[in-house]
Amino acid sequence: MAAVRGLSLTTAALRAVAPWARGRLLAASRGPQARREASSSSPEAGEGQIHLTASCVQRLLEITEGSEFLRLEVEGGGCSGFQYKFSLDTVINPDDRVFEQGGARVVVDSDSLAFVKGAQVDFSQELIRSSFQVLNNPQAQQGCSCGSSFSIKL
């Protein structure tokens, strides 16, 4: 994981990753249609998958270059017990699962996958922030108001 860039993908961090000088713009919000689920091309079907929304795919294609992908990890902490962590990475580890849609990739390690299987990864742009988020996580009992932490179903 030495190649992981420890970035919280907020607007400021995204500017560092994808400078505006290159002409890359934030994806325009398309409302409910943008949140429509896009299927994963992972070989296993059904349970254990992560689904990418169209806005997630579009934003990843704008900010990643070459072999880069978005890594989703679950860590202990946050106001609800667990928190989502997003970073850009280039190294796929043996225990990672790769979820791809339209050339955009999200990678989740096997430990984290147990906490997010069946969830959607979305890119949301609002007036006060732009970020990747986990939506509709069937493993989460409840989440905090900011959407970055959650508690699990027992």
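Strands β5 (residues 96–101) and β6 pair in the antiparallel sense over 6 bridges, where pairing requires that DSSP finds at least two bridges between two strands. Helices (H or I, at least four residues) and strands (E, at least two) are DSSP runs, numbered from the N terminus. The structure is a predicted model, in which local features need pLDDT of at least 70 and side-chain atom pairs count only at pLDDT 80 or more, while totals for chains, interfaces and linings use all residues. Residues are numbered from 1 along each chain as its sequence is written, and side-chain values use heavy atoms, with hydrogens and water left out.

Between β5 and β6 lie 2 residues, and the two strands form a hairpin. Glycine 102, in the turn, has a positive phi of about 55°. Within this pairing, arginine 105 of β6 is the bridge partner of glutamate 100. Strand β6 also pairs with β3 (residues 69–76), here in the parallel sense and over 3 bridges, and valine 108 of β6 is the bridge partner of leucine 72.

Strand β6 (residues 104–109) is mostly covered, with 6 of its 6 residues buried; buried means under 20% relative accessible area, exposed over 50%, and partly exposed in between (1.4 Å probe, protein chains only). In a regular strand the side chains alternate between the two faces of the sheet. In β6, Ala104, Val106 and Val108 point one way, whereas Arg105, Val107 and Asp109 point the other way.

Most residues other than glycine have a negative phi. Asparagine 136 sits in the loop between β8 (130–135) and β9 (140–143), and counts as exposed because its relative accessibility is 59%.

Turning to the aromatic residues, a search of the whole structure finds 3 aromatic pairs. Rings of Phe, Tyr and Trp (its six-membered ring) pair if their centres lie within 6.5 Å; planes under 30 degrees apart count as stacked, over 60 as edge-to-face and the rest as tilted. Phenylalanine 82 and phenylalanine 115 form a tilted pair, at 4.8 Å centre to centre and 35° between the planes. This pair links distant parts of the chain, 33 residues apart, with phenylalanine 82 in strand β4 (residues 82–89) and phenylalanine 115 in helix α3 (residues 110–116). Phenylalanine 82 is partly exposed at 23% relative accessibility, and phenylalanine 115 is partly exposed with a relative accessible area of 23%. Phenylalanine 86 and phenylalanine 132 are also tilted, at 6.1 Å and 40°. Because phenylalanine 86 lies in β4 and phenylalanine 132 in β8, the pair ties together parts that are 46 residues apart in sequence. Phenylalanine 86 is buried at 10% relative accessibility, as is phenylalanine 132 at 5%. Phe86, Phe123 and Phe132 form one aromatic cluster.

As for charged side chains, the structure holds 5 salt bridges, each defined as a side-chain nitrogen of Lys or Arg within 4 Å of a carboxyl oxygen of Asp or Glu. One of them joins glutamate 62 to arginine 59, with the closest N and O atoms 2.8 Å apart. Both residues lie in helix α2 (residues 54–63), 3 residues apart, about one turn of the helix. Arginine 59 is buried, with a relative accessible area of 0%. Lysine 85 forms a salt bridge with glutamate 73, at 4.0 Å, and the side chain of lysine 85 also meets that of glutamate 75, at 3.7 Å from N to O. Glutamate 75 is in strand β3 and lysine 85 in strand β4, 10 residues apart. Finally, salt bridges that share partners join Arg71, Asp89 and Asp96 into one network.
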